[in-house]
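Please look through the structure shown below, and keep it at hand while reading the paragraphs that follow.

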Amino acid sequence: MTYWWRRILRHAGVPVGPMVAIAALLAGASAAAALAPWPLKLLVDLVLKPDADVQRRYGWLRALPGARDSDLALILWLCVAMLSLYLLSQGIRVTIAYLLSGLGSRLTYRLGAEVLSRLQELTLVFHSRQRVGDMVQRVTTDSGCVRDLVCGVMVPGARACVDLIVMFLFMWQLDRLLALIAIAFAVPLALVIRWCTAPLAERAYEQQQVEAQVLSLADQTLGALPAVQSFTREPEHDRQYRVLNQRLLVRQVAAMWAQLRFKFATSGVTALGSATIMLLGGLAVADGRLSLGGLLVFLAYLAALYAPMETLSYLSATYANSTGSARRVLEVLDTAEHITDAPGAQYLPAPSLPGVHEIRFSHVSFSYRPGQPVLRDLDLIIPQGQVVALVGPTGSGKSTMLSLVPRLLDAESGAVLIGGRDVRSVRLASLRDRIAVVPQEPLLLPMSVSENIAYARPGATLDQIQSAARAANAEEFILRMEGGYGAILGTRGATLSVGQRQRLSIARALLKDAPILLLDEPTSALDPLTERNVVDALARLSLGRTCIIIAHRLSTIRHADRVLVLDEGAIVQDGTYAQLVAQDGLFRQMHQVAHPFAAVEVRT
């Protein structure tokens, strides 16, 4: 994590133009700050307690209108100069703050978009190990580390360094010995920074990790609210939330204590430096080495010198906090479990070519954990236009097999081929454009019915959307809804029944009109009447398409051209529905359980 900031800036893409403008403004701000104490010095050494050397060097000020014979006029000119420098300094500060506000937000949004983009590339295996709330926090909150880095560390740090150099040069001109003594206190300050930064970063990371756990618990509770209420688990979730909040409080107190120790130590160093300079400066005025106005200006510069030194020290605390967030962001960006286009990836051939949508599993093996294979040397050809059903016990590898086709997962060994091309050599957009998926749990978004149906084909017309809904046996219940096709659905389609959600999912697949269709237990949670409507829609959907359908309900797959029986990651039976019912084997056992009366007929 030593050079994390370089990688964060590279991912965020810092624009050059605004940074150049801010750098120029910082130089102007430092110049205005350096000149700010001089009207006070000239007031003391020219008017209040005249100093011969100062009068000789700055006597030209008496040439200003009205100042030759009037101290009051000169005082007014010095007041105007002080006010002008103040307004200039504040104007530059406001401009810098305005530019930084826009720049910080832009960088945060860019980095958040980069994290979200990478999360969308990561495999289902990765996401199965993560909490949704934790990932959301990395996108929305932790991505702010780039704003903290640029606007809270780099720009203030640059200004502090420039101020430090400018103030030291002015102090050097006034009294070299005092300037050297003042800057010498930077050494113990640097030691304090080195001593405190590491604990600050670690405490910040621990706090952010627990905050992510709190967010994940809230997301989990609200996402499963029907189950929570049905099983009266509210007290348990309340208890978990209180425990996590107590843990978060401990982390926050530890982080705050680390920051307070740090601020106390840095303030102590600068206070000691100021006291030392005040003592030695007073002796210099008493000895006549330094004018009273010179001492006042030197003390003003001393405060201006230690202010950027304290700023630099506090920046290490901001940097440490940013380190914790950046560490969580880079954990996502550095994850290698992503699926992207291979170098030189090609588009799939034109859909009109014969056999271009044939699917082949060539000696495919896959496992989620080492030594625990889910698929074992799977070798299979599904001709173009064939409807193939996958059945078998839970955990036999059916859903994994389905996920390999659109590259939601990649085979560990062997290859999945479409039209003779390894899917890993095909552009992802081209591959997934040819595939429509109807999942077991319909994925509906909190938008209108028509927008949900058109999700896979955003440019579809209303007529096309309605045609797809009718083919999916969905239009009847859609028109009964208030607003019809414009009705807004609840999160995850919570305002609809399971069968209604499934028919909308089928309408979406119909509208996409892809030549390859993947169905994952589309009728597993439906009543017989709803199942019949869905099966009719599926029959229309699979017509003329290469189709793979997973089913636990055997009634769903009677229309299939071919049935494959999987057990422990291998194909143990392959044939038509009627052939497999007539054979001794796992499928016949499943059929007897599902149709006990029909099983008697088969045995006789």
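Predicted model: local features only at pLDDT ≥ 70, side-chain atom pairs only at ≥ 80, totals over all residues.

The side chain of Arg562 meets that of Asp574 in a salt bridge, with 2.9 Å from N to O. Asp574, for its part, is partly exposed, with a relative accessible area of 41%. Since Arg562 belongs to strand β9 (residues 562-567) and Asp574 to strand β10 (residues 570-575), the pair ties together parts that are twelve residues apart in sequence.

Side chains of opposite charge can pair when their charged atoms come close. The count for this structure comes to twelve salt bridges, and another of them joins Arg138 and Glu331 at 2.8 Å, N to O. This pair links distant parts of the chain, for Arg138 lies in helix α7 (residues 132-140) and Glu331 in helix α13 (residues 292-333), 193 residues apart. Arg138 counts as buried at 6% relative accessibility, whereas Glu331, at 33%, counts as partly exposed. A further salt bridge is formed by the side chains of Glu475 and Arg470, at 3.3 Å from N to O; here Glu475 is buried, with a relative accessible area of 17%, while Arg470 is partly exposed, with 44%.

We can turn next to the aromatic rings. A search of the whole structure finds two aromatic pairs. In one of them, Phe366 and Tyr368 are arranged edge-to-face, with 4.9 Å from centre to centre and 85 degrees between the planes; Phe366 is buried at a relative accessible area of 5%, and Tyr368 is partly exposed at 38%. Tyr577 and Phe587 also form an edge-to-face pair, with 5.3 Å between the centres and 85 degrees between the planes. Because Tyr577 lies in helix α21 (residues 577-582) and Phe587 in helix α22 (residues 586-594), this pair ties together parts that are ten residues apart in sequence. Tyr577 counts as buried at 7% relative accessibility, and Phe587 counts as buried at 0%.

Strand β1 (residues 359-369) pairs with β2 over seven bridges in the antiparallel sense, and Pro373 in β2 is the bridge partner of Ser367.

Conventions
Residues numbered from 1 in each chain as written. Heavy atoms only, no water. Phe/Tyr/Trp six-rings, centres within 6.5 Å; stacked < 30°, edge-to-face > 60°. Buried < 20%, exposed > 50% of the residue type's maximum accessible area, 1.4 Å probe, protein only. Helix = DSSP H or I, 4+ residues; strand = E, 2+ residues; numbered from the N terminus. Pairing = 2+ DSSP bridges. Salt bridge = Lys/Arg side-chain N within 4 Å of Asp/Glu carboxyl O.
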